[in-house]
Amino acid sequence: RSLKVNKVNHPVSLSFDEEGLRIEGDFNAAKNSKNTKTVCCIPVPAGKGPDPTLLPIDNVYILNAFYHERTRMIQIHCVLPEDRTVDESPADIYKFIYSVDDDKKEDAVAFCEELVKQAYTDIKFGKKLLVLINPFGGQGKAKEIFEYHVRPIFESPKCDIEVRYTEHQGHALHIAQDLDIHAYDAIVTVSGDGVIHEVINGFLKRPDAREAMQQVAIGIIPGGTGNSLIIS
């Protein structure tokens, strides 16, 4: 499937197949240099690395895609590494925004719907998340880490986010132990190792421990001092 769009009156071609999403014609000239070319706003060393116009289609990269009726624009939200040639490169959220001609509206809506459908094959879109933040751990930056770096990524695919702050040692254990496991798709901890251990122990203390561990996924955002669990 393909779609012709525009960026500041410059034509851009969007297309996707089983290999991934391609964005061709979106060049950010301000970031060009002799050794670097920019495609889709992603710096890629010339002659190295993967196809710079190709974004793998899965929910790790593609967060959401939609047509905005009022602005007549298409938006594609992705999480992409800063350097796609380096393993474990830092990543950030990118929002590709293009204008759509009036006669392409239906095509744009269909393009976005099919892209999201293919990205989230067999995976629920818009999950319900319980986020547990330890505001006292580490250097006290867990809240800042979540609000500025994590929340935008969760909000883009329309996740329903409920945030709770742990107030004392053992608080997360009691939350997990008493949790309605059918009300959430995942618990996400933003802390060091303490809160995640409490969540697991809280699940294990439940009479339905096996079901709880299978029903509710557990995510870890490092926000403490040691973070040895996530590092290992």
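The numbered points below describe a predicted model of a single protein, from its overall make-up to individual residues.

1. Overall composition. The protein contains 6 helices and 13 strands. Of its 232 residues, 42% count as buried. The accessible surface comes to about 13000 Å², and carbon and sulfur atoms account for 49% of that area. Among contacts with a separation of 6 or more, 63% are made by residues 24 or more positions apart.

2. The parallel sheet. Four strands form an open sheet with parallel pairing, in the order E11-E10-E12-E13. Strand E11 (160-165) and strand E13 (217-222) stand at the edges; each has a single partner strand, so one side of each is left without a neighbour in the sheet. From one strand to the next, the twist averages 20°. Strand E10 (residues 128-133) pairs in the parallel sense with strand E12 (residues 186-191) over 5 bridges. Within this part of the sheet, Leu-129 has Ala-186 of E12 as its bridge partner. Helix H2 (residues 142-155) lies across E10, E11, E12 and E13, and runs at about 170° to E11.

3. The antiparallel strands E7, E8 and E9. Strand E7 (residues 62-68) and E8 run antiparallel and are joined by 6 bridges; Ile-62 has Cys-78 in E8 as its bridge partner. On its other pairing, E8 meets strand E9 (residues 91-99) in the antiparallel sense over 9 bridges, and Pro-81 is partnered by Ala-91 in E9. Strand E8 (residues 73-81) is mostly covered, with 8 of its 9 residues buried. E7 and E8 form a hairpin with 4 residues between them, and Arg-72 in the turn has a positive phi of about 60°.

4. The structure holds 10 salt bridges. One of them joins Lys-105 to Glu-69, with the closest N and O atoms 2.9 Å apart. This pair links distant parts of the chain, since Lys-105 is in helix H1 and Glu-69 in the loop between E7 and E8, 36 residues apart. Lys-105 is partly exposed at 31% relative accessibility, and Glu-69 is likewise partly exposed at 48%. The side chains of Arg-72 and Asp-102 also meet in a salt bridge (3.2 Å, N to O). Arg-72 lies in the loop between E7 and E8 and Asp-102 in the loop between E9 and H1, so this pair ties together parts that are 30 residues apart in sequence. Arg-72 is partly exposed, with a relative accessible area of 44%, whereas Asp-102 is exposed at 55%.

5. A salt-bridge network. Glu-162 forms a salt bridge with Arg-164, in which the closest N and O atoms are 3.0 Å apart. Salt bridges that share partners join Lys-128, Asp-160, Glu-162 and Arg-164 into one network. Glu-162 counts as partly exposed at 24% relative accessibility, as does Arg-164 at 29%.

6. The surroundings of Ile-181. Ile-181 is found in the loop between helix H3 (171-178) and E12. Its relative accessible area is 3%, which is under the 20% limit, so Ile-181 is classed as buried. Leaving aside residues up to four places away in sequence, Ile-181 touches Arg-206, Asp-208, Glu-211, Ala-212, Gln-215 and Val-216. Ile-181 and Gln-214 are 33 residues apart in sequence, with their C-alpha atoms 9.7 Å apart in space.

7. A nonpolar surface patch. Leu-204, Met-213 and Ile-218 make a nonpolar surface patch of about 250 Å². Met-213 belongs to helix H5 (residues 209-215). Met-213 is partly exposed, with a relative accessible area of 36%.

8. Backbone points to inspect. Most residues other than glycine have a negative phi. Val-8 is not a glycine, yet has a positive phi of about 50°. Val-8 lies in the loop between strand E1 (2-7) and strand E2 (10-16), and counts as exposed at 75% relative accessibility. Asp-122 also has a positive phi, near 65°. Asp-122 is placed in the loop between helix H1 (105-119) and E10, and is exposed, with a relative accessible area of 80%.

Key. Residues are numbered from 1 along each chain as its sequence is written. This is a predicted model: local features need pLDDT of at least 70, side-chain atom pairs count only at pLDDT 80 or more; totals for chains, interfaces and linings use all residues. Side-chain values use heavy atoms; hydrogens and water are left out. Patches are made of residues with over 30% relative accessible area and no salt bridge: like charges are joined within 9 Å, nonpolar side chains (Val, Leu, Ile, Met, Phe, Trp, Tyr) within 5 Å. Accessible areas come from the Shrake-Rupley method with a 1.4 Å probe; for residues, only the protein chains shown count as cover. A salt bridge is a side-chain nitrogen of Lys or Arg within 4 Å of a carboxyl oxygen of Asp or Glu. Helices (H or I, at least four residues) and strands (E, at least two) are DSSP runs, numbered from the N terminus. Buried means under 20% relative accessible area, exposed over 50%, partly exposed in between (1.4 Å probe, protein chains only). Two strands pair if DSSP finds at least two bridges between them. Axes are lines fitted to C-alpha atoms, for helices over the stretch in contact, and angles run from 0 to 180 degrees between N-to-C directions. Contact means heavy atoms within 4.5 Å.
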